[in-house]
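Work through the exercises below with the sequence and coordinates open beside you. Each task is followed by a solution that goes step by step.

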Amino acid sequence: MEGYPLLEVKELRTRFSSEKGTITAVDGVTFKVDYGETLGVVGESGCGKSVTAESIMRLLNEKSTRYDGEINFKGVNLLSLPEKKMLDIRGNEISMIFQDAMTSLNPVFTIGDQIAESIIVHQNLGKKEAMEKAVEMLRLTGIPSPEKRVHEYPHEISGGMRQRVMIAMALSCQPSLLIADEPTTALDVTIQAQILEVINDLKEELNMGVIMITHDLGVVAEVCTRVAVMYLGQVIEESDVDALFASPRHPYTRGLLKSIPTITGDRSQKLHTIQGVVPALDNVPKGCRFAPRCPYATDKCMTEFPLLETLENGQKIRCWHHQEIMEREAASDVITAAT
Amino acid sequence: MLLQQQLDGKITEQKDTGTPLLQVRNLKKYFPITSPFGRLKGHVKAVESVNFDLYEKGTLGLVGESGCGKSTTGRSILRLIEPTEGSVNYRGKDLLQLNQREFKGFRKEMQMVFQDPHSSLNPKKRIGELIEEPMEIHKIGTKADRMERAMDLLKRTGIREDQYFRFPHEFSGGQRQRIGIARALAVDPAIIVLDEPVSALDVSIQSQVLNLLEEIQDEFKLAYLFISHDLSVVRHIADEIGVMYLGHMVEKAPTDDLFANPLHPYTKALLSAIPIPDRKQRRERIIIKGDVPSPIDPPSGCVFHTRCPFAMEQCKSIKPEMLQQSDGHQVACHLYN
Ligand SMILES: Nc1ncnc2c1ncn2[C@@H]1O[C@H](COP(=O)(O)OP(=O)(O)OP(=O)(O)O)[C@@H](O)[C@H]1O
Ligand SMILES: Nc1ncnc2c1ncn2[C@@H]1O[C@H](COP(=O)(O)OP(=O)(O)OP(=O)(O)O)[C@@H](O)[C@H]1O
Ligand code: SF4
Ligand code: SF4
Ligand SMILES: [Mg+2]
Ligand SMILES: [Mg+2]
């Protein structure tokens, strides 16, 4: 599989149908993840981050879900694989960790048994060796005295510890892609810092690709190399993480970065706000999806749908007017600076 | 406009030297743990000897990790739960000494807004009724007065008046949080305890609600106790911040002072762990090891000593006192003794 990028998602579309009709939760998502790279996927609640991840793993109920587009993993389109082949990939080549470790762990088995189980399933090792490997994995995630911890049950350990167990389990088969869906959202900041460090260290050690799903732009700045910003089922901006923070281009990304309070910002200023709320998925705006909330929207934005455009520096933007907006803002910055 | 801002600025500066509206002293709350047969097995030491003051138009932020006792502190001063010890002085009266009947008169002075806008509003009631309800309980005004005030408050909190007859589920999280705020304002309180009021909201909605809270604070002359685990949010809204760890307040300082010059090792670790959404501001992290110990059996001496990178011999046995280091900046740590 040499020569192929690790993961290339092209125009992914995920639709759910029910008696009430069809909704398109992911609508034309495109991005790439390479070995040793962390791609951040950010966006507000309901924008399709988890569905994108679940589509890559093909975890959704395929009776009511329809996928379109391509998910090329090491050159193979996962959407065309039979379920049997997916079993070899899931949890083995691609692993996922979730926000709530408690619900993903089985309360009646010790954590050692659970990690060992996934090793036995995927790696053909005996029980004893699998248990030894489980201890080793727990040690890697920074759990003190792992040989004692393997005998404990999920409810006996803290939230941060459970998240480490999940990481140990997800990485026990040395996957080449790790999808982390809000892995630290339920944790305190000091524990979050520990977990992010563990993921980062292991990424480097295993040369994995990581997809870090989060709604926290701070987390993105800390651990990601590239970022895809999602809004209502679409990627609206994708860029190198430095470029995104230094010069966000899409009006939504700009607005978002200005509206979060930070520990270094000017406290006396009122916070910037983005007007309105995210529309519902069964009521998606016809043109640009951000148009009803965008301060720069024109008539064209209301009716015509912008495509994801790739700029010279590799940054990708889905906006009709990003060029003019940037020039206008730069000019007004000069004026503000002069007064 | 500018003059008004300057005036407001002056008021803010003077605030700290004015008389406090509420004085909380040695607040303590232990929750009993009983066996299935009712035998007392121990206590969750949720809040241990917490002190602070609230001022008109001032905001005290309470920060700290999950389970450190922030909500218990907020609920105790409103007597939503009965504190184990301490005093809560409001306009010269110790609220904790009043019996339920006497306390009822004070209840309307202090309101609370909760984290979860989904579960804190009764789904069967129309939002107009929800806002009128506290006025009804406290027998304020006639029915017509109450309706008028509800309409006013809806408008003030950015909900259209014609949505008066709608039900909570018809609103988004941010709108529901505004309705919760309108409801708290209905009885014209002096103090509002805000327990994680924006934690459940998306970032683009958070700033709308934070701005609203700032506007109504001036307009209604409110004192806020603002509880949050998000230090960036607290920094934006609070004038003063109290940092809690395992039921103890370990540091308290004016906001800018706390961020510029954190003293307690826990505060330092906490501040350094906040991810900053700015690539140019990367800093060295102080990663503290391990987990927060159990509040049932907290460590002896300084409660932070099991995780503190600077712990000394005396920290294991002697509990540090909260001591004044500079104007309004207090810390409980033997390093500053
Ligand atoms: N199995 C499903 N069937 C039908 N609709 C679904 C399903 N899973 C998700 N959705 C809908 O798809 C949309 C995208 O959901 P998704 O869970 O991907 O959002 P998200 O970006 O992960 O949000 P959050 O930050 O809240 O986790 C939502 O409107 C959600 O209600
Ligand atoms: N009613 C109760 N009975 C027993 N223990 C309780 C009760 N309420 C809270 N506690 C315990 O008291 C401690 C402090 O809880 P509290 O809810 O005040 O923390 P918090 O700082 O608000 O945390 P969070 O950030 O998670 O909301 C915790 O250990 C909690 O489990
Ligand atoms: S296309 Fe138009 S509405 Fe959409 S983000 Fe760009 S300027 Fe705004
Ligand atoms: S008193 Fe000792 S253990 Fe506690 S914070 Fe200070 S140095 Fe650390
Ligand atoms: Mg999700
Ligand atoms: Mg709480």
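## Exercise 1: the surroundings of ligand 2

An oxygen atom of ligand 2 is found 3.3 Å from a polar backbone atom of B:Cys68, in what is a predicted model.

Solution. Step 1: look for polar side-chain atoms close to ligand 2. The side chain of B:Ser66 places an N or O atom 2.6 Å from an oxygen atom of the ligand, and a polar side-chain atom of B:Lys70 lies 2.8 Å from an oxygen atom of ligand 2.

Step 1: consider the area. Ligand 2 taken alone exposes 640 Å², of which the protein buries 60%.

Step 2: assign the shell to elements. Strand 2 (40-54) and helix 2 (70-77) of chain B are the elements that give two or more residues to the shell around ligand 2, and the largest share, three residues, comes from helix 2 of chain B.

Step 3: list and classify. The residues around ligand 2 include B:Phe31, B:Val44, B:Ala46, B:Glu65, B:Gly67, B:Thr72 and B:Pro295; by class, the shell has five nonpolar, five polar and two charged residues.

## Exercise 2: a loop residue of chain A

With which residues is A:Arg267 in contact, leaving aside its neighbours within four places in sequence?

Solution. Step 1: locate the residue. A:Arg267 sits in the loop between helix 11 (251-259) and helix 12 (299-303) of chain A.

Step 1: collect the contacts. With those sequence neighbours left aside, A:Arg267 is in contact with B:Arg235, B:His236, B:Ala238, B:Asp239, B:Thr255 and B:Asp256.

Step 2: look at the polar atoms. A polar atom of the A:Arg267 side chain is 2.6 Å from the backbone oxygen of B:Ala238.

## Exercise 3: helix 1 of chain A

Is helix 1 (residues 49-57) of chain A mostly covered or mostly uncovered?

Solution. Step 1: count the buried residues, taking buried as under 20% relative accessible area; seven of the nine residues in helix 1 of chain A qualify, and the helix is mostly covered.

Step 1: name them. The buried residues are A:Lys49, A:Val51, A:Thr52, A:Ala53, A:Ser55, A:Ile56 and A:Met57.

Step 2: follow the chain onward. Just after helix 1 of chain A, A:Arg58 takes a positive phi of about 50°.

## Exercise 4: confidence

What are the ipTM and pTM of the model, and what pLDDT does chain B average?

Solution. Step 1: read the overall scores, which are ipTM 0.84 and pTM 0.89.

Step 1: turn to chain B, which averages a pLDDT of 90, with 94% of the residues scoring at least 70. Over residues 1-16 of chain B, however, the pLDDT is below 50, and this stretch has nine contacts in the model beyond near neighbours in sequence.

Key
Residues are numbered from 1 along each chain as its sequence is written. Chains are lettered from A and ligands numbered from 1 in the order in which they are written. This is a predicted model: local features need pLDDT of at least 70, side-chain atom pairs count only at pLDDT 80 or more; totals for chains, interfaces and linings use all residues. Side-chain values use heavy atoms; hydrogens and water are left out. Buried means under 20% relative accessible area, exposed over 50%, partly exposed in between (1.4 Å probe, protein chains only). Helices (H or I, at least four residues) and strands (E, at least two) are DSSP runs, numbered from the N terminus. A residue is near a molecule or strand if one of its heavy atoms lies within 4 Å of it. A polar contact is a pair of N or O atoms within 3.5 Å; within protein, one must be able to donate a hydrogen and the other to accept it, and residues adjacent in sequence count only if both atoms are side-chain atoms. Accessible areas come from the Shrake-Rupley method with a 1.4 Å probe; for residues, only the protein chains shown count as cover. Ala, Val, Leu, Ile, Met, Phe, Trp, Tyr, Cys and Pro count as nonpolar, Asp, Glu, Lys and Arg as charged, and the others, Gly among them, as polar. Contact means heavy atoms within 4.5 Å. pLDDT is the predictor's confidence in each residue, from 0 to 100.
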